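Work through the exercises below with the sequence and the model open. Try each task before reading its solution.

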Amino acid sequence: MAGVAGLQTAAWIRLAVLGAAVASTRELAMQILGVAHQLGGFRCAQQLIGGANYKRQSDALKLNKPVLVVGTPGRLFDFLDQGKLKTAEVRVLVMDEAD
């Protein structure tokens, strides 16, 4: 628990995403997000998944300044391509079910 709180504090001070989790499906991404919210609080993580409202996700990303982004490959790429997701500070990348 202390590790998550430490990451959360560090990111809020630096205003940077420190971790990204890539999930193969929206359902899996939402499960990961649920666990992240349980561990670090609601603003700790932000979902970026296809099929959800892009503008709402973009606004939430700006407002919440999450430590962790959890998403599907296509939507994450969209945010990267549009320059809305900065990954220079990312220290951990998790690719769930990459096999």
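## Exercise 1: The chain end

Ala98 is exposed, with a relative accessible area of 59%. Exposed means over 50% relative accessible area, buried under 20%, and partly exposed in between (1.4 Å probe, protein chains only). The model is predicted: local features need pLDDT of at least 70, side-chain atom pairs count only at pLDDT 80 or more, and totals for chains, interfaces and linings use all residues. Residues are numbered from 1 along each chain as its sequence is written, and side-chain values use heavy atoms, with hydrogens and water left out.

Task: Place Ala98 in the chain, then relate Ala98 to Ala23 in sequence and space.

Solution. 
- Step 1. Ala98 sits in the segment after strand E4 (92–95). Helices (H or I, at least four residues) and strands (E, at least two) are DSSP runs, numbered from the N terminus.
- Step 2. Along the sequence, Ala98 and Ala23 are 75 residues apart.
- Step 3. In space, their C-alpha atoms are 8.1 Å apart.

## Exercise 2: The chain as a whole

Task: State the order of elements in the chain and the percentage of residues that count as buried.

Solution. 
- Step 1. The chain has four helices and four strands.
- Step 2. From the N terminus on, the order is α-β-α-β-α-β-α-β.
- Step 3. Of the 99 residues, 36% count as buried.
- Step 4. Take contacts (heavy atoms within 4.5 Å) between residues at least 6 apart in sequence: 62% join residues at least 24 apart.

## Exercise 3: A loop residue

Task: Is Thr72 buried or exposed? Which residues does Thr72 contact, leaving aside neighbours within four places in sequence?

Solution. 
- Step 1. Locate Thr72: the loop between strand E3 (68–71) and helix H4 (73–81).
- Step 2. Thr72 has a relative accessible area of 10%, so Thr72 is buried.
- Step 3. With those neighbours set aside, the contacts of Thr72 are Ala23, Thr25, Arg26, Leu48, Ile49 and Gly50.

## Exercise 4: H4 and its partners

Task: Find the buried side of H4 and what packs there, then describe how H3 and H4 meet.

Solution. 
- Step 1. Arg75, Leu76 and Phe79 of H4 are buried.
- Step 2. They cover an arc of only 100 degrees around the axis, which puts them on the same side of H4.
- Step 3. The face turned away from that side carries exposed Phe77 and Asp81.
- Step 4. The buried residues of H4 pack against strand E1 (19–22), strand E2 (45–48), H3 and E3.
- Step 5. The axes of H3 and H4 come within 12 Å and cross at roughly 60 degrees. Axes are lines fitted to C-alpha atoms, for helices over the stretch in contact, and angles run from 0 to 180 degrees between N-to-C directions.
- Step 6. Tyr54, Gln57, Ser58 and Leu61 of H3 make the contact with Arg75, Asp78 and Phe79 of H4.

Methods
Arc of directions from axis to C-beta.
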